[in-house]
Amino acid sequence: MKKSKDKYPIGTIVYYGPDNKTITKIIVSVFDYPDILIISKTWSGDKIIEDPVVAKEIGAFLKIHGAKEVAMTDGPVGCPHVEGVDYPKGETCPYCPYWSNRTNPKKG
């Protein structure tokens, strides 16, 4: 039986957007072990999910960093804006009202 360490590094692809259907930000990360992040990269744009160049870059990024498996979300999981950068800390994002009454995984 394989040890769980054998499946690492693992890549993750997480989508963010102003609502649950529109993807405007993709964060790809590679973990060496649970909760040990090696590297992360962000792509943003209005039609980011349709961009073939971005798709190739994501594939290359995962390959370069040795991801053996990849887990991804099937749609946006939260607002693409950063609290404290794009809007004041402790407030709701004014650009993404869809997420205002939902739990945002980025806030825990």
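The buried residues of α1 are V54, I58, F61 and L62. Seen down the axis of α1, these buried residues fall within an arc of 95°, so they line one face of the helix; the arc is that of the directions from the helix axis to the C-beta atoms. Helices (H or I, at least four residues) and strands (E, at least two) are DSSP runs, numbered from the N terminus.

The model is a predicted one, in which local features need pLDDT of at least 70 and side-chain atom pairs count only at pLDDT 80 or more, while totals for chains, interfaces and linings use all residues. Residues are numbered from 1 along each chain as its sequence is written, and side-chain values use heavy atoms, with hydrogens and water left out.

With this in hand, the overall layout can be read. The protein chain has 1 helix and 4 strands, and along the sequence they follow the pattern β-β-β-α-β. Of its 108 residues, 31% count as buried. Contact here means heavy atoms within 4.5 Å. Among contacts between residues at least 6 apart in sequence, 49% join residues at least 24 apart.

At 1.5 Å a residue, the 13 residues of α1 should span 18 Å, and its end C-alpha atoms are 18 Å apart, which agrees; the expected span is 1.5 Å times one less than the number of residues. At the start of α1, a side-chain oxygen of D51 reaches to within 2.8 Å of the backbone nitrogen of V53. This is a polar contact, that is, a pair of N or O atoms within 3.5 Å; within protein, one must be able to donate a hydrogen and the other to accept it, and residues adjacent in sequence count only if both atoms are side-chain atoms. After α1 comes G66, whose phi is positive, near 75°. The buried residues of α1 pack against β1, β2, β3 and β4.

That packing leads to the interior. A nonpolar core is a set of buried Ala, Val, Leu, Ile, Met, Phe, Trp, Tyr and Cys residues joined through side-chain atoms within 4.5 Å. The largest such core has 12 residues: I13, Y15, I23, I26, V28, V30, W43, I48, V54, I58, F61 and L62. The elements that give two or more residues to this core are β1 (10–16), β2 and α1 (52–64), and α1 gives the most, with 4 residues. A second, separate core of 5 residues includes C79, Y87, C96 and W99.

Next come the paired strands. Strand β2 (residues 25–33) and strand β3 (residues 36–44) run antiparallel and are joined by 8 bridges; two strands pair if DSSP finds at least two bridges between them. In β3, the bridge partner of V30 is I39. Not counting residues up to four places away in sequence, V30 also touches others, including P9, I10, F61, L62 and H65. The hairpin of β2 and β3 has 2 residues between the strands, and in this hairpin D35 takes a positive phi near 70°. One of the residues touched by V30, P9, lies in the segment before β1. The peptide bond from Y8 to P9 is cis, with omega near 0°.

Leaving aside neighbours within four places in sequence, T73 is in contact with I13, V14 and Y15.

V77, in the segment after β4, has a relative accessible area of 26% and is partly exposed. The C-alpha atoms of V77 and V14 are separated by 7.5 Å, although these residues are 63 residues apart along the chain. G45 lies in the loop between β3 and α1 and is partly exposed, with a relative accessible area of 26%. Leaving aside neighbours within four places in sequence, G45 is in contact with I23 and T24. From G45 to I26 the C-alpha to C-alpha distance is 9.0 Å, and the two are 19 residues apart in sequence.

Key. Buried means under 20% relative accessible area, exposed over 50%, partly exposed in between (1.4 Å probe, protein chains only).
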